[in-house]
Amino acid sequence: MSDRHEWQRDAAVWLAGRSIEAGLPAAPPAAESRLARAMAAFRGWQAAQRHETDAARFAASVRGRVEALGGGVRRVDRAPDIVSPPAAGPLASMVVAAREARAAPLAELGVAAGSGRELLDEPCDAWVALPADLPTSRYVALRVVGDSMVPLLHSGDVVLVALDLAVRPGAVAVARHPAHGYVVKRVARAVAGRPGLSLASLNPAYPPLELDLRTGALLGPVVLRWCAHGPAKPRLAPRP
């Protein structure tokens, strides 16, 4: 087959694919003129270009919403550097020592794991190194479990919680819930008529939790997350 025929064949396949993507009707009958077929193919190409533009705009808007929801959370797209502490021990005794070493103790308890154990009583035998430009403070690092906060947080990510910072409305924070243990959520509006807060997931498959501060507590805001995984994909809510 000549180069010309190969080019025509490839062009026809490409234009047919574009037409299918654009949801156009089947190609015109062979009896129609070459000009009509060319115009139909061109319209298909134009429609496909519009679809690509719309898809790009939608992706940009989603990224923008995620950035807004995750405001204040610095993202590092790699695993954290692990530092060995002088000796293993309970996490509570390591927070200050780790601060002096520009590190944070890593608790393998896992936020959103549903455990009711006290976090600061957890044994700890590893620290994570902190970025050099991070403000000096008391920090604790926790591993995320589950997909309730995708696309911002991925299961297996490590989040850094600032123990000395106040949790502002709209911030992503770690809280101790009396029924669900330690969870990472977005702190939303106060629940009307109740002495507490609403903890919202970013994944719509998960309903919000109510946090009564008389029985639960806010640990602190998430200021950084390390992620060595690919893009996080949410689990869709089941259809009614």
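**Figure 1. Valine 174 and its partners.** In strand S13, glycine 220 is the bridge partner of valine 174, and in S10 the partner of valine 174 is valine 184. Helices (H or I, at least four residues) and strands (E, at least two) are DSSP runs, numbered from the N terminus. Two strands are said to pair if DSSP finds at least two bridges between them. S9 and S13 pair in the antiparallel sense over four bridges. S9 is also joined to S10 by six bridges, and these two run antiparallel. Three residues lie between S9 and S10, which form a hairpin. Five of the six residues of S9 are buried, so this strand is mostly covered; buried means under 20% relative accessible area, exposed means over 50%, and partly exposed lies in between (1.4 Å probe, protein chains only).

**Figure 2. The whole protein, for orientation.** This is a predicted model, in which local features need pLDDT of at least 70 and side-chain atom pairs count only at pLDDT 80 or more, while totals for chains, interfaces and linings use all residues. Residues are numbered from 1 along each chain as its sequence is written, and side-chain values use heavy atoms, with hydrogens and water left out. The protein has three helices and 13 strands. Of its 240 residues, 38% are buried. The protein exposes about 14,100 Å², with 58% of that supplied by carbon and sulfur atoms; accessible areas come from the Shrake-Rupley method with a 1.4 Å probe, and for residues only the protein chains shown count as cover. Contact here means heavy atoms within 4.5 Å. Among contacts between residues at least 6 apart in sequence, 66% join residues at least 24 apart.

**Figure 3. Two nonpolar cores.** A nonpolar core is a set of buried Ala, Val, Leu, Ile, Met, Phe, Trp, Tyr and Cys residues joined through side-chain atoms within 4.5 Å. The largest one has 25 residues, and Leu142, Leu153, Val161, Val172, Val174, Val184 and Val222 touch the most other members. At least two residues of this core come from each of helix H3 (95–100) and strands S4 (103–111), S7 (139–144), S8 (158–162), S9 (172–177) and S10 (181–187). S7 gives the most to this core, with three residues. A second, separate core has 14 residues, including Leu106, Leu134, Tyr139 and Ala141. In soluble globular proteins, nonpolar side chains tend to be buried together.

**Figure 4. Strand S8, covered on both faces.** Five of the five residues of S8 are buried. On one side sit Val158, Leu160 and Ala162, and on the other Val159 and Val161, all of them buried. S7 and S8 run antiparallel and are joined by five bridges. Leucine 160 in S8 is the bridge partner of alanine 141. S8 is also joined to strand S13 (residues 217–226) by four bridges, again in an antiparallel arrangement. There, arginine 225 of S13 is the bridge partner of valine 159.

**Figure 5. The loop between S7 and S8.** Aspartate 147 is found in the loop between S7 and S8. Is aspartate 147 buried or exposed? Aspartate 147 counts as buried, because its relative accessibility is 18%. The side chains of aspartate 147 and tyrosine 206 are joined by a polar contact of 2.4 Å. A polar contact is a pair of N or O atoms within 3.5 Å; within protein, one must be able to donate a hydrogen and the other to accept it, and residues adjacent in sequence count only if both atoms are side-chain atoms. The C-alpha atoms of aspartate 147 and alanine 205 are separated by 9.4 Å, although the two residues are 58 residues apart along the chain. Proline 151 also has its place in the loop between S7 and S8, and the peptide bond from valine 150 to proline 151 is cis, with omega near 10 degrees.

**Figure 6. Arginine 102, between H3 and S4.** Arginine 102 lies in the loop between H3 and S4. Its phi is near 55 degrees, a positive value in a residue other than glycine. Most residues other than glycine have a negative phi, and most peptide bonds are trans. Arginine 102 is partly exposed, with a relative accessible area of 26%.

**Figure 7. Histidine 177 and its surroundings.** Histidine 177 is placed in strand S9 and counts as buried, at 10% relative accessibility. The side chain of histidine 177 reaches the backbone oxygen of glutamate 210 at 2.9 Å. A polar atom of that histidine 177 side chain lies 3.4 Å from the backbone nitrogen of histidine 180. Leaving aside neighbours within four places in sequence, histidine 177 is in contact with Leu209, Glu210 and Leu211.
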